[in-house]
Amino acid sequence: MDILSEQEVNKILQDKENISGQEFSDILEKAKLKKGLEIEDVSALLNTEDENLLEKLFETAREIKQEIYGNRLVLFAPLYISDYCVNNCKYCGFHTDNKSPRKKLTLDEVIRQVKILEDMGHKRLLLEFGEDEINNPIDYVVDVIKAIYNTKSGNGEIRRVNVNIAATSVENYRKLKEVGIGTYQLFQETYHRPTYAKLHQGPKADYDRQITAHERAFEAGIDDYGMGVLFGLYDYKFEVLSLISHAKYLEEKLGVGPHTISVPRHNSAQTVDFESNYKLSDKDFLKLIAIIRLAVPYTGMIISTRETPEVRRQAFQIGISQTSAGSKTSPGGYGQEECNAQFEVHDSRTLDEIAREICEMGYLPSFCTACYRSGRTGDNFMELAKSGQIQSMCQPNALVTLEEYLMDYASEATKKAGDKLIENEIDKIGNLVIKNKLINSLEEVKQGKRDLFI
Ligand code: SF4
Ligand code: SF4
C-alpha cells in the first residue's frame, strides 16, 4: 500500500461522483460497525450534496461519536513559543515576508506564560514553534518542554505537552521523545503537490520531507502522532481523501494509526494577502468532519478557536473530541495584548466561559491526561480504544479532572453548571464498582487531593 497519487485521488473522486441512495445508506451501515471506511466509501460520501442524505450522515456521525467518546471533550491551550521562522508559507502570519520584529520567549517568559495557563486551569498544552535552526534549535525546544513540566502554580501543573515543530530528523525527534512529549503534531497543510509548491518557500517547500515526517518521528519512538490539513488551500474533497489515504498508509506501515487529526480552516492574519480560491462553507466543513469521524472512528479529532462558537458547537456533536479554549496565537500572548498573531481567532471566550457552555450543552469538559502518564500510548492505547475498554477509564477520569477544575478555577456560574453535570453523570454509571470508586475520588478531590486517575 502507498499514499494515493494526485491522479489516483482524482480518479476515485470521479468514479464515485454519482451513487444511489441505497449505496449511501450501505456505507453508513458499514460505518456503524466502527471499523472505518474504504477510500472509495469516503469518496462517495464526499460527493454527496443531497440535504436528506447529509442529514443521515450527520446522524450517523453523532451516533459514532457518542458511542466511542461519550459526551467528553478534552480541553487544551496552544502555547506559542517562537515566531522566528525561515519559511515563507503564504497563508501564515509568521511568513518571512512579514518584516515585523520577531519574538522568542526566554525560559523565564515561558514559565510566566505557563503559570498564567495553569491559573486558568489548563493541564494540556500544544507548543508551537516556527522553523528556524538558529533561533529555535532542538535543544531550546527541549529546554522549554523541561521548564514547562517543572512549572507549578498553586495546584496547577501541565501534565501533557504536545508539540508542533517543523519536520525534522530522527535524531531530533528522539530528543522530543526523551523529554516526554505527548503527541507530535504535523500537518501536511495541503496534499496537492502543485498547490504545496506554490504556497511554500524555504525548507518546508520540500513536500516529501513533510509527508515522511511522521515515519521518522515513529522511528524515534514517538507513537502518538497527529496529522492534519489546513482546509481552504485546495479542494476539500481532494484533501480529505488524501489525508485518509495517508492515515491508512501509516497505520499499515507503522502498525498504529494517527492519534489525532486536526481540521484547521484557513483564516486571515495580519500581513497575509493570500486569498483562497477554495474557501469552504460551514456546511462543507461540518460535512468533512462527519466523514472523517466515520472513516477513522478511533482517531481523536481536534478543532481550534479559528472557528466561531456556533460552528464549534455543531462540530462537537458530529466528531470533535478535543478543542482548544482561551487561546492566544502569538508568543507571549497570554496576559497581554497580542501583536503579530499567526491567525485570527473567532472564539475569543475564556476557558471558564467555554467550559461552562460545554457543561450546559450536556457535554463533559475533560482535562484528563491519564493515558499518556500511564504509558497507554500508540498501539497500547489503540487496542484499548478499539475494544471499547478505554470508556470505563475516560468517563471517571474526565469527571475527576472536571471536579479539580471546579474546585480550583471555576467561576460560581461554571461551578454550578459543572456540579449539576457531575451529578447527572454519576447517575448514569451502571457499574457499581466504578461508580463507588468515582464517588470516593470526587470526595478526595473536594478534600484537597489532586491528580487522581485510573
Ligand atoms: Fe513558519 Fe509554520 Fe508559519 Fe510556515 S506555517 S511560516 S513554517 S510558522
Ligand atoms: Fe484520553 Fe485516556 Fe483520559 Fe480517556 S483516559 S480521556 S483516552 S487520556
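Student: Is Lys237 buried or exposed?

Tutor: This is a predicted model in which local features need pLDDT of at least 70 and side-chain atom pairs count only at pLDDT 80 or more, while totals for chains, interfaces and linings use all residues. Residues are numbered from 1 along each chain as its sequence is written, chains are lettered from A and ligands numbered from 1 in the order in which they are written, and side-chain values use heavy atoms, leaving out hydrogens and water. Buried means under 20% relative accessible area, exposed over 50% and partly exposed in between (1.4 Å probe, protein chains only). Because the relative accessibility of Lys237 is 16%, Lys237 counts as buried.

Student: With which residue does Lys237 form a salt bridge at 3.3 Å, N to O?

Tutor: A salt bridge requires a side-chain nitrogen of Lys or Arg within 4 Å of a carboxyl oxygen of Asp or Glu. The side chain of Lys237 meets its partner at 3.3 Å, N to O, and that partner is Glu49. The pair links distant parts of the chain, 188 residues apart: Lys237 lies in helix α11 (residues 236-254), and the loop between α3 and α4 (51-69) holds Glu49.

Student: How far apart are the closest N and O atoms of Glu49 and Lys287?

Tutor: Glu49 is partly exposed at 42% relative accessibility, whereas Lys287 is buried at 0%. Glu49 and Lys287 form a salt bridge, and their closest N and O atoms are apart by 3.7 Å.

Student: How many salt bridges does a search of the whole structure find?

Tutor: Salt bridges that share partners join residues including Lys152, Glu157 and Arg159 into one network. Across the whole structure, the number of salt bridges found is 36.

Methods. Helices (H or I, at least four residues) and strands (E, at least two) are DSSP runs, numbered from the N terminus.
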